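Please work through each task before reading its solution.

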Amino acid sequence: MSSCSELLLWDKRPARGANVHIFDWSGQLTPLQQKASEELLTSVQQNKSHLLHAVCGAGKTELLFPSIFASLQEGKRVCVAAPRTDVILELFPRFQKVFPKTIIHALYGGAPDQEGFADLVLATTHQLYRFENAFDVVFVDEADAFPYYADETLQRAVKKAAKKDAAIHYVTATPTKSLKTTNQSILSRRYHGYDLPVPRYCALWGYTRQLKKGKVPIKLQQWIIEKTKSNIPFLVFLPTIEMLENFPGDLPRVHAEHPERKEIVMQLREKKVPGLLTTTILERGITIENVHVAVVGAEQKIFTSSALIQISGRVGRSFKYPSGDIVFFHHGITHEMDKAKAAIEGWNKE
């Protein structure tokens with residue numbers, strides 16, 4: 001937009017209060033989850049900002065359900081925002097199932113048109129540029145993820161989308177210092193009670209040179225073959241799109257600009273492909289049963305400790321498969337790698 005563009009504001013509000021909301025969830029929270037959920041609900045009812053700091057796979061989404069349902073019953077409009085499209089795609093069917101009578105819209109780049117006035121909106125933070133003074137309750141999931149944490153305009157967009165006095169609540173496993181509000185709940189255990197899988201290190205000397213020559217390093221190749229033969233789904237994280245696209249072989253691959261990213265991830269979920277090559281775009285918001293993970297070039301700057309923690313958090317999320325292999329292939333161990341591993345071991349000790 002430019003300053004000479006015509007901007008229209010519509011001040012008519014749709015009729016509210018006629019909708020009957022149903023909470024259709026038969027799951028049961030653990031005592032730790034119940035405590036955190038009640039603390040969040042109290043903050044939402046008191047309109048005070050709250051941070052839900054929970055380890056990957058702790059069942060953060062389920063903890064939001066009571067607060068969202070209570071807000072909907074009071075005739076409030078609710079927004080759940082996240083920086084990544086993949087997170088919204090993961091959440092949308094889950095929320096549709098839990099709130100079957102609620103009009104829910106999922107907004108992201110390329111999303112189809114959706115009819116009606118949504119009481120519950122799931123949106124990427126970029127989509128909130130489109131809203132002003134619209135939501136009574138706002139939750140920001142994965143609030144420390146790129147680009148949200150590094151882009152002040154996105155942070156302002158979230159505040160602008162909320163009503164003037166509405167509190168904003170944050171949910172993440174790896175909060176930045178700026179997110180640590182006075183009201184916070186800490187959940188140090190996964191819902192199934194098992195330890196977080198701890199990453200192991202594996203030296204992969206000169207991997208960039210080998211990949212440029214069109215050769216997959218032997219240790220990495222053996223890892224991929226082992227998972228494929230065992231019929232274990234896997235993700236291989238690579239530091240750059242260039243390395244991803246030039247990776248030898250015919251494994252499917254996804255990155256932020258890939259037009260068929262959603263479909264390819266679904267193929268892995270449905271076990272139509274053995275594994276995926278990916279950039280950090282899939283470090284969050286994706287849950288695949290029994291998936292194992294390899295990080296190639298874990299020493300590179302893009303793999304910060306928080307990114308490595310989130311990537312490790314893809315493993316062992318299922319009650320049926322609470323463990324799994326997470327390996328950091330590296331050309332030298334970094335402080336960020338050690339920091340991530342120490343944080344995971346620290347959670348397990350707690």
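**Exercise 1.** Which residue in β6 is the bridge partner of F139?

*Solution.* The model is predicted, with local features requiring pLDDT of at least 70 and side-chain atom pairs pLDDT 80 or more, while totals for chains, interfaces and linings use all residues. Residues are numbered from 1 along each chain as its sequence is written, and side-chain values use heavy atoms, leaving out hydrogens and water.

Step 1. Strands (E, at least two residues) and helices (H or I, at least four) are DSSP runs numbered from the N terminus; two strands pair if DSSP finds at least two bridges between them.

Step 2. Strand β5 (residues 137-141) runs parallel to β6 and is joined to it by 4 bridges. Within β6, F139 has H169 as its bridge partner.

Step 3. Strand β1 (residues 51-54) is also parallel to β6, through 3 bridges; here H53 is opposite T172.

**Exercise 2.** Determine whether the faces of β6 are covered or open.

*Solution.* Step 1. Buried means under 20% relative accessible area, exposed over 50%, and partly exposed in between (1.4 Å probe, protein chains only).

Step 1. On one side I168, Y170 and T172 are buried, and on the other H169 and V171 are buried, so both faces are covered.

Step 2. Since 5 of the 5 residues of β6 (residues 168-172) are buried, the strand is largely enclosed by the rest of the structure.

**Exercise 3.** Identify the members of the largest nonpolar core that touch the most other members.

*Solution.* Step 1. A nonpolar core is a set of buried Ala, Val, Leu, Ile, Met, Phe, Trp, Tyr and Cys residues joined through side-chain atoms within 4.5 Å.

Step 1. The largest such core has 36 residues; I68, V80, F95, F99, L120, L122 and F139 touch the most other members.

Step 2. Contact means heavy atoms within 4.5 Å. Leaving aside residues up to four places away in sequence, F95 touches T61, F65, I68, V80, I104, L120 and L122.

Step 3. Apart from this core lies another, of 25 residues, including L235, I286, V291 and F328.

**Exercise 4.** Give the strand order of the open sheet of 6 strands and name its edges.

*Solution.* Step 1. The order is β8-β13-β12-β9-β11-β10, with parallel pairing.

Step 1. β8 (200-203) and β10 (253-254) are the edge strands, each pairing on one side only.

Step 2. Between β9 (residues 234-237) and β11 (residues 275-278) there are 4 bridges, and L235 stands opposite L276 in β11.

**Exercise 5.** Which elements do the buried residues of α9 pack against?

*Solution.* Step 1. The buried residues of α9 are S305, A307, L308, I309, Q310, I311 and S312.

Step 1. They pack against β6, β9, β12 (292-296), β13 (326-330) and α10.

Step 2. Because 7 of its 8 residues are buried, α9 is largely enclosed by the rest of the structure.

**Exercise 6.** Which residues line the largest cavity?

*Solution.* Step 1. On a 1 Å grid over the protein atoms alone, a cavity is a set of points where a 1.4 Å probe fits but cannot get out, and lining residues have an atom within 4 Å of a point.

Step 1. The lining consists of V55, C56, A173, R190, L196, P197, I309, S312, G313, I344 and W347.

Step 2. Elements giving two or more residues to this lining are α9 (305-312) and α10 (335-349).

How values were computed. 1 Å grid on protein atoms, 1.4 Å probe; cavity = no way out; pocket = protein on both sides within 12 Å on 5 of 7 lines; lining within 4 Å.
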